[in-house]
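Let's take a walk through this fold together, going from helices to sheet and back again. Have the model open and follow along.

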Amino acid sequence: MYILQAIDVYKKFHRLEVLKGISLQVKKGEVIAIIGSSGSGKSTFLRCLNRLETIDKGFIEIDGEIMVQNNADGKAIYSPEKDIERLRRKMGMVFQNFHLFPHKSVLQNIMLAPLLVKNINEAEAKALARVLLDKVGLDYKADNYPFELSGGQQQRVAIARALAMEPEIMCFDEPTSALDPELTGEVLQVMKDLALENRTMIVVTHEIGFAREVADRVIFMDEGVIVEEGKAEDVIINPKHERTKAFLSTVLMAR
């Protein structure tokens with residue numbers, strides 16, 4: 001049983017075809033790392049999975065429920081909005097640039113979605129937020145505001161905020177790319193801890209070491225297609241395709 005299936009997904013921005021028939025099936029508890037050069041379609045694909053972007057053609061199913069499929073003309077038709085919203089709650093999203101509310105405290109940032117979307121009471125929301133802050137090592141920052149935190153701390157709060165909705169799948173869109181190198185490790189450690197909890201995770205990343213250590217499967221994308229996928233050791237240590245080899249040699253030489 002797959003918790004997520006995306007089959008033959010296409011996406012254009014005007015005349016530029018960004019995704020050219022991408023397919024991915026994810027099992028519950030699996031950690032998928034998606035690697036590739038900037039502009040290869042990685043982030044667009046991730047955003048299509050939870051309908052932050054709409055697709056032009058293809059099929060996406062989450063936890064056994066269809067989010068989008070093709071009509072008789074081969075064009076994507078989405079399920080009703082109320083069903084989409086429910087399915088989107090099954091996917092937590094962590095972005096590059098945190099997207100925390102600057103006028104709310106760390107605790108309030110985490111409490112907001114459970115209060116508004118899940119309609120739990122304030123005491124429950126506060127208790128949940130404190131548990132999650134402790135999980136990401138920031139319980140002592142509950143009353144601070146985002147501007148008082150380092151980039152790494154803000155990203156850990158963003159992870160806690162995504163976890164507050166208790167998603168079935170956690171998606172990370174290059175979560176360390178906006179961070180200084182010395183702050184990257186603290187965010188990656190939180191993500192490693194989440195992987196040890198058998199959480200389903202899809203991670204778009206340039207952190208090849210993290211992908212090798214944590215991912216069950218690595219997918220290499222280039223120019224809107226999946227060029228190579230397999231076990232982390234196979235793709236990263238012994239890639240078969242020349243495009244994969246060229247990308248990895250460039251990335252590893254830069255470090």
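Start with helix H5, which lies across S7 and strand S8 (169-173) and runs at about 170° to S7. Angles here run from 0 to 180 degrees between N-to-C directions, with axes being lines fitted to C-alpha atoms, for helices over the stretch in contact. Helices (H or I, at least four residues) and strands (E, at least two) are DSSP runs, numbered from the N terminus. Before going further, please keep in mind that this is a predicted model, in which local features need pLDDT of at least 70 and side-chain atom pairs count only at pLDDT 80 or more, while totals for chains, interfaces and linings use all residues. Residues are numbered from 1 along each chain as its sequence is written, and side-chain values use heavy atoms, with hydrogens and water left out.

Now for the sheet itself. Six strands form an open sheet with mixed pairing, in the order S7-S8-S9-S3-S10-S11. Two strands count as paired if DSSP finds at least two bridges between them. In general, strands of a sheet pair through backbone hydrogen bonds, either parallel or antiparallel. Strand S7 (91-94) and strand S11 (225-230) are at the edges with a single partner strand each, so one side of each has no neighbour in the sheet. From one strand to the next, the twist averages 15°.

Is S9 buried or exposed? Five of its five residues are buried, so S9 is largely enclosed by the rest of the structure. Buried means under 20% relative accessible area, exposed over 50% and partly exposed in between, using a 1.4 Å probe and protein chains only. Both faces of S9 are covered, with Thr-200, Ile-202 and Val-204 buried on one side and Met-201 and Val-203 on the other.

Next comes helix H6 (residues 181-196), which lies across S3, S8 and S9 and runs at about 150° to S9. Within H6 you will find Thr-184, which counts as buried because its relative accessibility is 9%. Leaving aside neighbours within four places in sequence, Thr-184 is in contact (heavy atoms within 4.5 Å) with Thr-176, Leu-179 and Glu-207.

How do the helices pack? H5 (residues 151-163) and H6 meet at an angle of about 20°, their axes 8 Å apart.

On to helix H3 (residues 106-116), which packs against H5 at an angle of about 25°, with the axes 8 Å apart. That makes H3 roughly parallel to H5. Val-106, Asn-109 and Ile-110 of H3 touch Val-157, Ala-160 and Arg-161 of H5. The buried residues of H3 are Val-106, Leu-107, Asn-109, Ile-110, Met-111 and Pro-114, and their cover includes helix H4 (122-135) and H5.

How values were computed. Parallel < 35°, antiparallel > 145°, perpendicular 65-115°, else oblique.
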